[in-house]
Amino acid sequence: MSLFRNPFDADSRLSMRCTCGRHASQAEHDRAPDDAGSRVVESAVMRALFPQDSVRRAFIKSVGAGTALAAVSSLFPLGAAKEVFAQPAGPLEKTRLKIGFIPITCATPIIMAHPMGFYGRQGLSVDVVKTAGWALIRDKAIAGEYDAAHMLSPMPLALTLGAGTANAIPWTMPAVENVNGQAITLAMKHKDKRDPRDWKGFKFGVPFDYSMHNYLLRYYLAEHGLDPDTDVQIRSVPPPEMVANMRADNLDGFLAPDPVNQRAVYDGVGFIHTLSKELWDGHPCCAFAASRKFITEMPNTYQALLKAIIQATAYAHDPAHRKEIAAAISTPNYLNQPVTVVEQVLTGTYADGLGNVKQAPDRIDFAPFPWESFAVWIMTQMKRWGQIKGDVDYRKIASEVFLATDAARLMREAGLTPPEGTSQGFSVMGRPFDPSKPEEYLAGFKIRRA
Amino acid sequence: MRASSKRWRAPLLSLAVLIVLLAGWHAATRPPAAAVGVDPAYAALVGGAAAGGGQTPVPGPLEVGTQLWHHLQHPFYDNGPNDKGLGLQLGYSIGRVLAGYLLAALVAVPLGFLIGMSPVVYRALDPYIQVLKPISPLAWMPLALYTIRDAGVSAVFVIFICSVWPMLINTAFGVMSVRRDWLNVARTLEVSRLRTVLHVVLPAAAPTIMTGMRISIGIAWLVIVAAEMLIGGTGIGYFVWNEWNNLSISNIICAILFIGVVGMLLDALLARLARLVAYRE
C-alpha cells in the first residue's frame, strides 16, 4: 500500500493496480511530486485516526472528501503539521552529514538524493559513503562516524534488542527505503532443479544474519519442508562477493538484494529463480536508520534529512523516473555497475538468465512508511530462528523503532496521543499474518527453533 | 664485447618470459565465437558471453593494457568520496602504512633496546611477545573498530600491530648479540652507559634493526590491502574491493600490478637505508 495515495479519495480502489498498470494505485495518476510531503502527513494522520481501511473508506464516502478534510483539520492541526513537516522548526544543528550505504539498489533513495540534489535543497551537505558490509556499517553508525545509515530493516530492531551486539542501543527506523526488489538466484548448473524440495545440501548466501533475506529464505525453505538449519547451509556473504562466490562454485544460490541477482545473469553465472515479491508482495527490505540519540539531539537536522529522504523516495516511486535514476546511481561513485543491470532492476524488464525477457514493473518499489506490523513480523522470525529468546513486547519495540512517520511524533508534541493506526495485516506465501497475534502466528510454524 | 653481451642476457631472458606469459594469457582468454540464434532483445540485456550461454571470461592482456593506460593517464582524478584515481588511492594507503609503521618504530626500537640489554625484562616480556606475535593483524580489526571507533585510526592501528613485532624482535636480537669484546673495551675506557648505547650498541645492532624494519614494511604493505578491503572508504584495498563489487577483473589486475610496484619501491628504499648503516668487521 502506498503512502502517497490520497487518503481522502473515496474512489481509491483496493486493487493494487491502476488502469494503465504502471502505478501502484489509481490515485497516483494525479499525484504531483511536489505535494508528496504534505500527502505523507495527511495520509499518516488519516491512517492513524482510522487504522482500518474499511472504516476510513466508509467515513470518507459518507461525508465526502472535503468534509472529511475539514473535520480532521478541526480535530488535528493538519495545516500546522504540514508546515512543520515542510519547514524545519529551527536552525539546523549540523549541516555536514555523513551517511553510509551498501552499493545495492535498495539504497536508491539515499544514494540518488546526493547527485540529484535532494539533500542540498534541505540545506544539508551530505557525504554518502560506500561501506564494505553490514557489520561494518552498523559499527560505524554505533561509533558515530555516520550520522545516519542505510541498514537492513531488521537491523534497527536487532540493535534495540541487543541481538548480535554487546549491548542494546536504542535505534530508530524513520523510513523504509524499498519494498520488494530481492530475488532468489541459483547457479546455472541447477537450472533443472526448480523445486525447492530438491535443494537438500545446497549452500546459500544471504547478506546478513539480521536481514529480510535471511528470514524470507528460511521461510521459503521451511514452507517447502526443508529445515534451513540442518538441510542446507546458509552463510552470511556480503552482497558484492556473492556473484564471485557463485562463479567459484562456492554457493549454489542466494537470496540477495539487487543488482546482485541481475549481475549474476549479466555475467552468465546464475539465473533468477523467483523474485521476492512472489513470496510476499510489498515486503520491506532496506531502511533509513538513525540512532535515537541523533534524532533527539538534532531534531531539526533529522527532520530535514528525513524530508530529503522521503522526497527522494517519492521521486523514485514514480516508474517514469527510473531510467534517469539508473543512470545517476550506476556510476563508480555509487553502485559501480553497468547501467543496463541497474536499469533492468528498476524498470522490471529483465533477462531471467534462462533466455527469457520478463516483465515485472513492481519488481522493486520505493515506499517510506514504516508499518509497525512489519516490525512485528520481523521479530516473530527473529524469535522463530532463535536470534532472540524469551518474551518479546512486540508492540512496544515496534513502535519505538519503526517511527511511523514524523506525523506521529508531531501529534505527540501537540499533546495528542497517536492512535494505534500503524499496523496492517498481510500474508506471506499465502499464510495470513495478524500483527495483533504474533505468538499464535509463531506457534503455527512446524519448523522453528523457539 | 663478450662482457656486454653477457650483461644483456638477463634482461633479454626477462623480456622473453614476459612475452611468453602475455602470449599464453592472450591465447587462454580469447573470446569464444559469437553464439547464433539468440533473441536480440535478450542479448541486449546481458553481457556478451552470457548471451551465448557462457560466463563472462577473464579479460585478456589487451583489455587490461587499455585499462592500465587509462589509469596511468588519470591517476589523480577525484569524483567524490567513493571514486578517486589510483594515484590518490595509493597515496592514502602509503600514508596509512607510514603512519602505522613509524609509530611502530617509535615503540619497537626503544623497547627492543630495553629487552636486548636486560635479561630480566627479556624473560618477563618474552611470553607476551610470543603469544601476540603470531596473531593475524586482521584479527585485531573488529576489536580496534569497537574500541577506537574510527575506521581510519583502526587501520593505522592494524598496521602498527603487524609491523611492531619484527622490529622489536630484531632490535632485541641485534642488541643482545653485540660482541662482548666491544662492550668490554667500552667498559675499560669507562664510557658512560648512554654513550655506550649510542656509540657502541646502536651502530653494532643497526644492520639487524634495519633488517627488522625491512621485514616490517613488507608485512605492513601486505596487510594494508586487506585492512582497506574491510574498512572501505579510501585506499588501494578499497579500490580492489570496489572493483570486485563491479566484477571488473581488468581493474583488479591493474591494481595488483600497482600494489606490486609500490611494494617493490618501499622495499628498495629500506634496502638502500640498510646499506647506509652496514659495516664490515
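Trainee: How many of the 12 residues of H9(A) are buried?

Mentor: This is a predicted model, where local features need pLDDT of at least 70, side-chain atom pairs count only at pLDDT 80 or more, and totals for chains, interfaces and linings use all residues. Residues are numbered from 1 along each chain as its sequence is written, while chains are lettered from A and ligands numbered from 1 in the order in which they are written. A residue is buried if 20 or more other C-beta atoms, placed from the backbone, lie within 10 Å of its own. By that count H9(A) is mostly covered, and the number of buried residues is 11.

Trainee: What span does H9(A) reach from its first C-alpha to its last?

Mentor: Helices are DSSP runs (H or I, at least four residues) and strands are E runs of at least two, numbered from the N terminus. H9(A) covers residues 212–223. The expected span is 1.5 Å times one less than the number of residues. That gives an expected 16 Å for H9(A), and the model comes close to this, at 16 Å.

Trainee: Which residue with positive phi follows H9(A)?

Mentor: Its phi is near 85 degrees. The residue is A:Gly225.

Trainee: Which are the edge strands of the open five-strand sheet in chain A?

Mentor: Two strands pair if DSSP finds at least two bridges between them. The order is S2-S1-S3-S11-S4, with mixed pairing. Pairing on one side only are S2 (125–130) and S4 (171–176).
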